Amino acid sequence: MTSFSFASYVTASAFYTLLAVLLCTSWRGRLQGGLLLLAVLISMAWALLAAFSGGYGTISLKHLLAVEVVRNVAWTAFLWALLSYTRSHQKSMGMRLAVA
């Protein structure tokens, strides 16, 4: 990788860190917020590993791909939980409207 890609991944990691700090300070203890925080932290680690792999070449491709899979699973779990919450919330709202 070039120094541009190294700088890009380090910048991405810095912004993921900033987002994680913001999420930690405003998290209300719900499952969706926890999963979002977890996905952001894993993405931060992924960006750091990609940066150091490109800059120094010390991390094997096997480990990078494993972290990539974990990152994708974390984001999928967050989106799945968000969808499930939205569907259950809509059903309960429909029930309330039907009763009223």
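Helices are DSSP runs of H or I with at least four residues, strands are runs of E with at least two, and both are numbered from the N terminus. By that rule the protein chain of this predicted model holds 3 helices and 0 strands, and its elements, read from the N terminus on, follow the order α-α-α. Of the 100 residues in the protein chain, 25% count as buried.

**The pair α1 and α2**

Two packed helices are described by the angle between their axes and the distance between the axes. For helix α1 (residues 3–26) and helix α2, the axes come within 8 Å and cross at roughly 160°. Because angles over 145 degrees count as roughly antiparallel, α1 is roughly antiparallel to α2. The crossing of α1 and α2 is left-handed, and the contact of these two helices, sorted by class, has 21 nonpolar and 4 polar residues, with no charged residues.

Helix α2 (residues 31–56) can also be checked for its length: its 26 residues, at 1.5 Å a residue, should span 38 Å, and since its end C-alpha atoms are 37 Å apart, the two values agree. Just after α2 comes glycine 57, which takes a positive phi of about 70°.

A separation between two single residues can be given as well. Phenylalanine 4, which has its place in helix α1, is 51 residues away from glycine 55 in sequence, while the C-alpha atoms of phenylalanine 4 and glycine 55 are 9.7 Å apart in space.

Side chains of opposite charge can pair when their charged atoms come close. A search of the whole structure finds 1 salt bridge, in which the side chains of arginine 71 and glutamate 68 meet at 2.9 Å, N to O. Both arginine 71 and glutamate 68 lie in helix α3 (residues 61–99), where they are 3 residues apart, about one turn of the helix.

| Residue | Relative accessible area | Class |
|---|---|---|
| Arginine 71 | 14% | buried |
| Glutamate 68 | 26% | partly exposed |
| Phenylalanine 4 | 66% | exposed |

Since buried means under 20% relative accessible area, arginine 71 counts as buried at 14%, whereas its salt-bridge partner, glutamate 68, is partly exposed at 26%. Phenylalanine 4, in helix α1, is exposed because its relative accessible area of 66% lies over the 50% cut-off.

Technical notes. Residues are numbered from 1 along each chain as its sequence is written. This is a predicted model: local features need pLDDT of at least 70, side-chain atom pairs count only at pLDDT 80 or more; totals for chains, interfaces and linings use all residues. Side-chain values use heavy atoms; hydrogens and water are left out. The expected span of a helix is 1.5 Å times one less than its number of residues. Axes are lines fitted to C-alpha atoms, for helices over the stretch in contact, and angles run from 0 to 180 degrees between N-to-C directions. Angles under 35 degrees count as roughly parallel, over 145 as roughly antiparallel, 65 to 115 as roughly perpendicular and the rest as oblique. A crossing is left-handed if the near helix is turned anticlockwise from the far one by less than a right angle, and right-handed if clockwise. Ala, Val, Leu, Ile, Met, Phe, Trp, Tyr, Cys and Pro count as nonpolar, Asp, Glu, Lys and Arg as charged, and the others, Gly among them, as polar. A salt bridge is a side-chain nitrogen of Lys or Arg within 4 Å of a carboxyl oxygen of Asp or Glu. Buried means under 20% relative accessible area, exposed over 50%, partly exposed in between (1.4 Å probe, protein chains only).
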